[in-house]
Each structure stands twice: as C-alpha cells, then as structure tokens.
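Please open the structure in the viewer and keep the selection panel at hand.

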Amino acid sequence: MKEQALPAQRSSLPPLRAGFRSVRFLLLVLVLVAIYGYGWRVTKVDLPALTTGTKFVRPFVVDLARPDVLTRETKSQDVQIGISTNPAVPPEQIPLDPTGPQLRVSTTVAPVGSMLTVTGMGFRPETSGTLFWVNRIGNRQPVGSFQTDLQGAFVATVTVPEVFQGPDAGAQGAQQRLLVHASWPVGPLRFSPTMVLVAEKIVETVFLALMGTTMAVIVAVPLSFLGARNLMTRNPLGTTIYYLTRSYFNILRSIEPLILAIIFTVWVGLGPFAGVLALGLHSIAALGKLYSEQIESIDPGPIEAITATGAKPLQVVRYAVVPQIVPQFIAFTIYRWDVNVRLSTVIGFVGGGGIGFILQQYINLLQYRQAATAVWAIALVVGAMDYFSAVIRERAM
Amino acid sequence: MSGAAVRVEHLTKVYADGTVALRDLSFGVAPGEFLVIIGLSGSGKSTLMRCINRLIDPSGGKIYIDDIDITALDQEEMRKVRRRMGMIFQQFNLVKRTSVLTNVLAGRLGYLPPAWALLNYFPKDEVNRAMANLERVGIPLKARTRADQLSGGQQQRVGIARALMQEPSLILADEPVASLDPATSHSVLKYVEELNKKDGITVLCSLHFLSLARRYGTRILAVKAGEIIFDGLPADIDEERFKQIYGEEAVEVEIA
C-alpha cells in the first residue's frame, strides 16, 4: 500500500519542487559567497605575504636545524692591525707581540672597495679563522676566512668594506682595524649554557603540569560525585547540587587556561606558581566533567549485587563503585597531565613560568638557535609524555 | 544450614510513574522448597524477587521470612536479614575488573567490619571459605582471573559462590540462566538444585522456559500482570494453563 502511495505523491509535486530547489541552491551559494568573502576581508588574508616573508622566517627555520645544544671550550689567537681608509689620515699603530703570531698587509692605507692582501705567520698550524673588519667603536664585521698551513701561515685577500665610522666620524673615523681571529676547540663536548637552562625549564614545566594536575585531582574527585546524575538526582537538594556542580564545571572549562594565567600572574606575580594555579583551576573543571561522566556510566548491577549481600554502604562503594571507576580515573588524570604539559608551554608566554617563558625571550631577542633548543625540547618532552600516557592508559583500562 | 520459610501477604508494588508491578500477591514458600516463578517479561517476577530482599521497597502488604515481618525492619535490621539471603542475577552482576576471588569474598562483606574494606583486607579463614566455595562450583583454578575473562556460565558460577559466602537460608535467583545457552543453563541450574537438595536452602527462582521450570521446580508459581495465575505442581501445567500464562499465540519450546 505504502509503495503505491509514494510515487503518486511525487508526481504531483515535481515542477514546483524542482524550481524551488534551484532557487534555494542559488540562495545558499550567495550566502556562502557572502560569508567567505567577509571572512577573507576581516582576517586580512594576504597570500603574497607567504612568499615575501620567507626572508624573515628563513633564519629561524635554518636555526631550527642547528639548535644550541652542545659546546666546547675554544682557544684563540687574535692579532689586529691598523688600516686607514683615507690617505690623509695615518693608520693606527698597534704594537705586535714579537713572541706571538705575525701579520703583514699589502698596504695599511686602503680606500673602501680596494683589495688588501693579508699574510699571517706563526699562527697555530692547521687552524681555521675569521677575518673581521673593526670600526672605530669596536663593531666587528666578518670580511673573510682563512686556514693556516702546516707551518701556521696563511694568505688571504680582503675587500675593504664600507662601515659605520662612529659618532666622532670626521677624520678619525677612517682609522679602522683588521682583526685576525683564529680559534680551535679544546676539551670535551659539553652541554651549552642554553641547553642547561632549557633542561632546567623543561623540568620546571613538567612539574608545573604535575602540580596543577594534582591540585585539580584533589578537588575534582570529591566534586565529581556531586556532579554525577545517577547519584545526585534522587531528591531535590541533590538535584540542585548536581546542577550547580555541572554549571561550575561548564563555566570554568570555558575559560581558557591562558586567560586564567594572566589573572593569576597579576594575583601572585610572574612565575610558575601562577601557572600551577591556572592549570589547576582549569583542570578541576575538565577532570571533574570526565570523572562525573565516568561515575554516571558505571554498571548498577554490581552495586545491587553487593547491597543484596547485606554489605554496608562504605563496603558497597569500595567493592562495587571504586573498581569500576579507578582505572578510568587514572587514565583521565594521566591524559590531563599530558595536556597540561602542552598547555604550560603556552602559559609561559604570559609569564606563568616554565619553558614558554624563556622561549618567548629567545624569540624576542632573535636568538633563534637558543629558541630552537627550547622548541626541540618541548617537542621531545610532549612526544614522550604523549607516548607514555597512552601506554599507561592502555594498561589501566 | 536449613531453609527459610517465606510468606508473602497482599504484596503490592506501584512505581513512582504509576506502573502497577505487583497487585495484591499472596503465597507461601515452605523451607527447602524449589519454587520456580514463571511469566512473561514485565510480568513482575523481578520486582517480586527484589521486594523479598527489599532492594525495592513494597508499596503495600507484608513479607515474612521465618516469621519476621521484613517490611517493618529499618535499614540496619534489613541489612542483617539480607546477609542470609543470597541473590543470583541474570547479568551475573560481578565486578568485572576485579578477580574472581574478590568477587566471591564480597559475598561475605555483611559479616565483616566496614573499616577492613578500606584496606581491602579479608581474614585468612574467609579466603579459605571463598576457595572452598569456588571448588564447590568447579572453578577453583580461576580464583586469580579477572571476572570479565570468564565465560557466561563460569561467571554465573562465581555468582553462586558469592551467594554461598553468605551461608544463605534462602536464594533468590532472578532469571539466572536467561543469558546462557541451553547446555550451560543446565550446568548452572544443577548447582542451584544441589544447594537446594543437599543444603536444604529454600530457592526462589524465576525462569523463562517452562521445560526448565518443570525439570527443576518442586512447585511453580505463574505470574501475569502482577498477579498469580497459577500456583501448583509442575505436572499440573497443561496446554490450557500454558496458553493462559504465555498468551494464545505462544508455543512451548523444549530446551534440551
């Protein structure tokens, strides 16, 4: 019967429907065009910036590949010689240490752009070095490099660069120097000061997350029972408490930890403690909701069964409720710790302590190699936390 | 151990939503009887079982266990009476993530100080009792296994061992084999029968299949829409009675 009724209904409708459909489709397209057109404008989409900006981002990307992790002590030999770029001004006379390496230049008066041949002797054999141009106020500019031979000698050519002549420009500004700097590493490889600081801060980050998570667990476990529908909605008072708890969770959860961190840095000052409070407060809500939902999903069967044996309420909770929630509680908690480690890197950006704090400093000071060390450390620790939390969660379930 | 006598007088249960589950039910169970309760799903079998140990509070009427009116008891007194009433469930109701042994030991909680629960402590003789009961239901080697690793039949035997820990004088079995296959059903019911015959424990057991009811029951009570429509010997259920209990369209299914 039904099968016959359907086609009949269809045949009476098509003309109107088809027309309406295409109009509706057109309208939909127009609305979508308007929405995305506006979106394009307000978000100031600027695709060419992706290509014109590469030169700004390149040093950072390059340095990402060579983080400042290991270092060695270096020893160096430095010899300077005075050069004048103005024939009217005599070059500076710098006395050479007769026992040290010796330097000779083709001329000590060399205008900007002219070539200069540098000959060195008595340097450490088979050592590489850099030639720096040094202006009146001591700014160094690399102008070439060299490699000494078995006798410790080298020959290099340098083009005289145009440099800032200093505030007291005038004639004296022409008096500049050529610095020959040979250096070689000595002693064993060791962690660079940056690496040591990064390690210290990453440990601080992990512990910041641990303290915040622990604080949240202590509050969220008891609260989660108050936010479990199956336990609380048996009488009007309980129902009220249930809704209050759930609203508290929902409101708190909707406030980003970053905003909480800003509030707490104002309250307790910059540093990891503000981060602990921010993560802790946010995690109370996040964990409380997960815990409550876990309690709501427990099987009432075992509770009924243990009650039927004549057990007291405490025994019922211990033997029928706890075994059903503990593994998930552990899993949720470890997952939250993992999330908090990730969040605490961002929280550092607003002064909440941890590695984010120094990462932001490195970026602001354009110390990209140091920033790279921090970025890699974060990636490593977050990856490891992610892996181990997954393993432990799997075991717990 | 000796069986308890049960007397139910004018038992009525109306749920909060107005559903009438039991209407003015009256019957008695003699010590050592194996009373099988049959009836369609929703006929009130489960509610009746749960009223007897007061997991559900009756709306009216009285229930006497060995001449004690349990409907008049307060929570603490009722808890003490419950200790002697074992209950077996359709879904076994074991705590899945804990060991079989702990599940069995949980049957003894009513006799133990609650503070021990915080330390998960059970005295040695209780552990021995649990092992003896597991041996009795034929699965002593599963003691350390997690309950959810067991087959359905084994889980129900753990349920029986848990009930045995209570040293019960009455066993309430709420469709104990409804989740099991026919062969397993028999093996489980045989353990219940043994408790009834050997230990003289009174058994109230609800079942779906008439063939099982005939095989194990010493007496049959049929419930329909919260009322008793048959109370008598298994042999007395003929074709006409059967249609009365299960409806005109029902066909009796034999279970091997």
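Begin by selecting strand β3 of chain A, residues 115–121; A:Thr119 is found in this strand. The model in view is a predicted one.

Is A:Thr119 buried, exposed or partly exposed? Display the C-beta atoms around A:Thr119: 13 others lie within 10 Å, so this residue is partly exposed. A residue would need 20 or more such atoms to count as buried, and 12 or fewer to count as exposed.

A:Leu103 and A:Thr119 are separated by 16 residues in sequence, yet their C-alpha atoms are 5.9 Å apart in space. Then select A:Arg104 and A:Val155. These are the residues in contact with A:Thr119 once its neighbours within four places in sequence are left aside.

Now turn to the place where the chains meet. Here 19 residues of chain A are in contact with 22 residues of chain B. Which elements give two or more residues to the side of chain A that touches chain B? Select α10 (300–308) and α11 (313–347) of chain A to see them. The largest share of that side comes from α11(A), which supplies 8 residues. Colouring the side of chain A that touches chain B by residue type will show 10 nonpolar, 6 polar and 3 charged residues.

Finally, select chain B and colour it by confidence. The average pLDDT of chain B is 90, and 97% of its residues score at least 70. For the complex, the predictor gives an ipTM of 0.91 and a pTM of 0.69.

Terms used: Residues are numbered from 1 along each chain as its sequence is written. Chains are lettered from A and ligands numbered from 1 in the order in which they are written. This is a predicted model: local features need pLDDT of at least 70, side-chain atom pairs count only at pLDDT 80 or more; totals for chains, interfaces and linings use all residues. Two residues are in contact if their C-beta atoms, placed from the backbone, lie within 7 Å. Helices (H or I, at least four residues) and strands (E, at least two) are DSSP runs, numbered from the N terminus. Ala, Val, Leu, Ile, Met, Phe, Trp, Tyr, Cys and Pro count as nonpolar, Asp, Glu, Lys and Arg as charged, and the others, Gly among them, as polar. pLDDT is the predictor's confidence in each residue, from 0 to 100.
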